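These are my notebook entries on one structure, written while I went through its chains. I kept to what I could look up.

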Amino acid sequence: MTARDRILSAIRTALGPGKPPAQIAAEAAALLDPAGIARPHLVAPVLPDAFALKATALGTTIDRVASMADLPQAMARYLDAHGLPPRFAMQPAPELAALDWQGLAPHQGTAPDEPTALGLALCGIAESGSLVIHSGPDNPILMSFLPLHHVAVLRESTLLPYLEDYAARLSAQAVPRNAILITGPSGTTDIEGSYVRGAHGPGFLHVILIADAGTEPG
Amino acid sequence: MNAPSKAPFKARAKAALADPVLKTAIDRTTGNAERKRAAAVAAFPEFEAARARGKAIKDHVVAHLDHYLEMFERNAAARGAQVHWAADDAEARAIVTRICLAADARLVTRAKSMLGEEIGLPHALADAGIERVETDLAEHIIQLAGEAPSHIIWPAMHRTREQVAELFKTGHHPPPAAEDPATMVQSARTQLRTKFLSADIGISGANFLVADTGATCTVTNEGNAELTTTPPRIHIVTAGIEKLVPSTAHAFALLRLLVRSATGGEMTQYTTFHAGPKRPGDADGPEEMHIVLVDNGRTKMLADEFREMLRCIRCGACMNHCVVYRQIGGHAYGGTYPGPMGSVLTPVLDGLAASRDLPNACTMNGRCAEVCPVGIPLPTLLRAWRRRSWREGLEPGSIRTGIGLWAQLARRPRLYRLATRIGLPLLRLFGRGGWISRLPLAGGWTDHRDLPRPAAQSFMDQYRAQQKGRK
């Protein structure tokens, strides 16, 4: 008998006869219903404000701009404020490549000690101030983890209220290799409980929040 | 890594109690954790409803465990992952070692997983001659110290900043420029960066196994899991079969409880779902993904009175709030899992004969059950182990005789009352300021804690006097 058979047969002996799958699925769905009674409230009535409040409380910085065309300037502002070089890693997304980067020097590929990287968030979650990224041909995962400064572009139109809303969106599409919720900069409390930023991932997370509707990234 | 001390529990606990540095280290971390959890729960008025829901979700999964295991296996395979099954720790170690050797792996990075500790993965990799690099900062600290974790969330919580500085001074090349936490964390970041990028295999655990997508989920605050699982050619996940959830939405319902209960945060910085290896055209990711589903005593728990323990989501709140853990720390327990949840699990994993002291090292104050985010009745389960230990004749002769004598007395009310009438005034002679800190023949109790000075009269005598007064 294989380990698989032994484990499953031990379970069946302990549990007795099982229910039809459709009934189990119905019971599982009922466990989450209604969603509203067992989750936190949003901290502001409109999604961008709720998202921004939660995100900044975790140490994420936010710059709110009107449209994608404002992105290069917002990026220049951030680099300048932190004394960072104009060279930065940029996600290979057509939407970003199409912009006029003026004096800045975006490049592809992320070095192990890359100072800054810029990428698009697929959506944001207002409940927790989280950004979502999915892996794919034009979205290397390491780009969000190797740099010291991670700058993410997020459109207000992609904001979702709650974690369940993102789960519903995920279940309506093909499952990506990696789906990642990023909620604040990397941190650790492993030495005497002292909070230190930039443990392995980015020590700085900056979100450029775009107000226009536009087309959805990703 | 050192094997847990083989000294008896009482000797380990005594040594821990005599260590003032350890006490300071424990107080700093658990005190913080307790305050932050309380604040997070206070800020979430729906916590009780969320807890009831979390408990129901785990009970549902456990009641249909075979269904969800097969569903997970099917969906993980559909995403290209290879699913392995291990009935016990030895099988799990053998599967992981075989994958590593077949890949000719020399360097393995690992993101903290208590299941990995449970199945003895660190030793297995060392025996196979494979270099293992722990990437979680606390695991990195205890790897340099050659120690086992002392807490399931903060494995290095028994080490002070000065002790960490000593370890990094010899373990980091070059050593950190200063001894403050920020400089030391920066040093670890630099040291581990090249390891992340040159590893052949990355091994992680899973906080959740999502049945309807076949994804495994890791949660970290450091970002080490993604750096462990993305660059190497192979990603191996080892996970207990109780980690299943029906869907991503169910995982989120439990995540809200897990993070608040563990660290007092609301979300971990990185919550990542891993579904299979790199897809055609993907910019990065491993070429192979293996998932090892581990039983190791879990189906045994399913079949007996410890089934409720399968709800455990490994948040560590029970140990942060345990008066015993906060006095002796995690190493004194001697098993993979310390504190109240560990005292229930260790007898399953290591056998009751070797661990009968653990369910007894409990005051039954019930704080662990009060804070448990999935409502596990930990004191009830600990009492069940005590009963079983008695039934199986594992309690030592002195305890059996003592309890036998007490039972004889307790069944004879007149004699019992006479004994308390003689005993109480004698006991009171040793009291100083309401407490008894020294008592002949009772050093086992009074060496480490005081006994309250008893009232002058027994409850029965006071009750009678009161009843008489009423007439």
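Ground rules. I note that this is a predicted model, in which local features need pLDDT of at least 70 and side-chain atom pairs count only at pLDDT 80 or more, while totals for chains, interfaces and linings use all residues. Residues are numbered from 1 along each chain as its sequence is written, chains are lettered from A and ligands numbered from 1 in the order in which they are written, and side-chain values use heavy atoms, with hydrogens and water left out.

Entry on salt bridges. Helices (H or I, at least four residues) and strands (E, at least two) are DSSP runs here, numbered from the N terminus. I also checked the backbone of Glu192(A), and its phi is near 50°, a positive value in a residue other than glycine. In another salt bridge, the side chains of Arg4(A) and Glu73(B) meet at 2.7 Å, N to O.

Entry on the interface. With contact taken as heavy atoms within 4.5 Å, I list 93 residues from chain B and 73 residues from chain A. The two chains bury about 7000 Å² between them, 60% of it on carbon and sulfur atoms; buried area is the accessible area (1.4 Å probe) that two parts lose on being put together, summed over both. Within chain B, the residues that lose the most area to chain A are Arg53(B), Arg189(B) and Arg256(B), together 11% of what that side buries. I then looked up polar contacts and found 42 residue pairs across the interface, both residues at pLDDT 80 or more. A polar contact is a pair of N or O atoms within 3.5 Å, and within protein one must be able to donate a hydrogen and the other to accept it, with residues adjacent in sequence counted only if both atoms are side-chain atoms. Helix α10 (residues 181-198) of chain B gives the most to the side of chain B that touches chain A, with 10 residues.

Entry on the sheet. I traced an open sheet of eight strands with mixed pairing, in the order β8(A)-β5(A)-β6(A)-β9(A)-β9(B)-β6(B)-β5(B)-β8(B), where two strands pair if DSSP finds at least two bridges between them. Its edge strands are β8 (159-160) of chain A and β8 (244-245) of chain B, each pairing on one side only. Strand β9 (residues 178-182) of chain A and strand β9 (residues 270-274) of chain B run antiparallel and are joined by five bridges, and here Leu181(A) stands opposite Thr271(B). Within chain A, strands β5 (residues 123-125) and β6 (residues 130-134) pair in the antiparallel sense over three bridges, with Gly124(A) opposite Leu131(A).

Entry on cis peptides. I found a cis bond from Asp33(A) to Pro34(A), with omega near -5°, and Pro34(A) sits in the loop between α2 (21-30) and α3 (47-57) of chain A. His173(B) and Pro174(B) are also joined by a cis peptide bond, with omega about 0°, and Pro174(B) lies in the loop between α9 and α10 of chain B.

Conventions:
Salt bridge = Lys/Arg side-chain N within 4 Å of Asp/Glu carboxyl O.
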